[in-house]
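The sequence and structure come before them.

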Amino acid sequence: MNGITSPLPPRATRAALPHRVLRPPHGRTSSSPPPLRLSSLRPAAMVSLRFPTAAIPRLPPTQAPNGVAIATTVAAAAAAAAAAATSLTLTAKSAGRPSPHPAPLWASLSLADGAAPGSVEPRTGATFPTEAAAGRRLLGVGLRKTSVLGLKSIDVYAFGVYADGNDLKQQLKEKYSKFSASELEENAELINDTLERDIRMTVRLQIVYGRLSIRSVRSAFEKSVGSRFQKFGGQDTKELLQSFVALFKDEYKLPKGSVIELSRESNHVLKICIEGEEVGSIESKLLCQSLLDLYIGDDPFDKNAKDDIHENIASILKS
């Protein structure tokens, strides 16, 4: 039976229910800073001084700067600036170009232009913070693509997958402590346990297709999550699926750059936020498992992202 409550109950006292819908009130406020005004500046008055010609010593003419030398200097300065910016930016490895000694993705920083620490999805330039709400660590970034009539491929949204490091260790470290990091990276059961266990995780979606509608998102999730229900053997899941997709209401607009967060909270509660506004929560282990499977399961949206996530889970367990 579905019930409506708010806020979420404590982790230790939740009852195991097939699913339960929780919808908080919502509203938005926005404000824009006043335009800046620049006052006009009056040029200083010119002063002319005259001296006898003989009193001024003659100096040899100064040679004008060489245009080639100026261009060379400017190019060298630009190259040095680009190299400095690159050295301060660590991004997820791009497809087909693995790093020989990769650092955990959650430890990457991007300090160019004074930006907050984060990691960049290389094909879209979408930036993701290294930590999400409640200190969850970034494990990997990827791209959701789709095709139109089987002909044209469209970049729909970039995504980042986060997990609570303490939950990963509490739920998985004992079982996998005897394995080396390289063995864990090849262990498919590690991902299955991550999907199954009560580990707090977040998938952050950043829209990159400017014409995406909330109706398209609703339809895509209905199809993809519905297929995962069948994969995990869910029975009588029609009501659960409709409860989930109904949270993506037509009133929400998704211009380019919009953010949707799908978070598995304690006791398998899925919380959905659009542009920072919580639109609802549903308690269902099957729903949480099916949704996360889209990004880190056997047939993920982005295989390279799934491999990065697997590698960083192994790194956290060995830290």
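A cavity is a set of points on a 1 Å grid over the protein atoms alone where a 1.4 Å probe fits but cannot get out, and its lining residues have an atom within 4 Å of a point. Grid points are joined across faces, edges and corners, and a volume is the space filled by probe spheres set on the points. The model is predicted, and totals for linings use all residues. Residues are numbered from 1 along each chain as its sequence is written.

Q: Which elements give two or more residues to the lining of the second largest cavity?
A: The lining includes Leu-262, Ser-263 and Arg-264, along with Cys-288, Leu-291 and Leu-292. Elements are DSSP runs numbered from the N terminus: helices (H or I, at least four residues) and strands (E, at least two). Those asked for are β7 (259-265) and α7 (285-296).

Q: Which element gives the most to the lining of the largest pocket?
A: A pocket is an open set of points with protein on both sides within 12 Å along at least five of seven lines. The largest has a volume of about 490 Å³. Among the 21 lining residues, the closest to its centre are Arg-144, Thr-146, Val-156, Ser-216 and Ala-220. With eight residues, the element that gives the most is α5.

Definitions and conventions: Predicted model: local features only at pLDDT ≥ 70, side-chain atom pairs only at ≥ 80, totals over all residues. Heavy atoms only, no water.
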